[in-house]
Amino acid sequence: MTEETNNKGMQQAKGGVLAQSDIELLRKSLEFYIKNSNDLSSIEESRASLLFHRLGRMEIK
């Protein structure tokens, strides 16, 4: 049997796996890291900043 056939009966989880409180904590942690880390390259800082903003769109306000 192929892997596709073996997994046919298994359903994939849809949606996110993070709780709303996780998103808030991740945003606060990223913000602190971006502001206080001297080890970030400009590329890493940009990627972290983009992630920070994407997490903000996931928050329920």
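Two exercises with worked solutions follow.

The model is predicted, with local features needing pLDDT of at least 70 and side-chain atom pairs pLDDT 80 or more, while totals for chains, interfaces and linings use all residues. Residues are numbered from 1 along each chain as its sequence is written, and side-chain values use heavy atoms, without hydrogens and water.

**Exercise 1.** State which residues form the largest nonpolar core and which elements supply them.

Solution.
- Begin with the fold: the protein has 3 helices and 0 strands, where helices (H or I, at least four residues) and strands (E, at least two) are DSSP runs numbered from the N terminus.
- Next, take burial (under 20% relative accessible area, 1.4 Å probe, protein chains only): 15% of the 61 residues count as buried.
- A nonpolar core joins buried Ala, Val, Leu, Ile, Met, Phe, Trp, Tyr and Cys residues through side-chain atoms within 4.5 Å.
- The largest such core has 5 residues: Ile23, Leu30, Ala48, Phe52 and Leu55.
- Elements giving two or more residues to this core are α2 and α3 (42–58), and α3 gives the largest share, 3 residues.

**Exercise 2.** Locate Leu26 and decide whether Leu26 is buried, partly exposed or exposed.

Solution.
- Find the element: Leu26 is in helix α2, residues 20–36.
- Apply the classes: exposed is over 50% relative accessible area, and partly exposed lies between buried and exposed.
- Leu26 counts as partly exposed because its relative accessibility is 37%.
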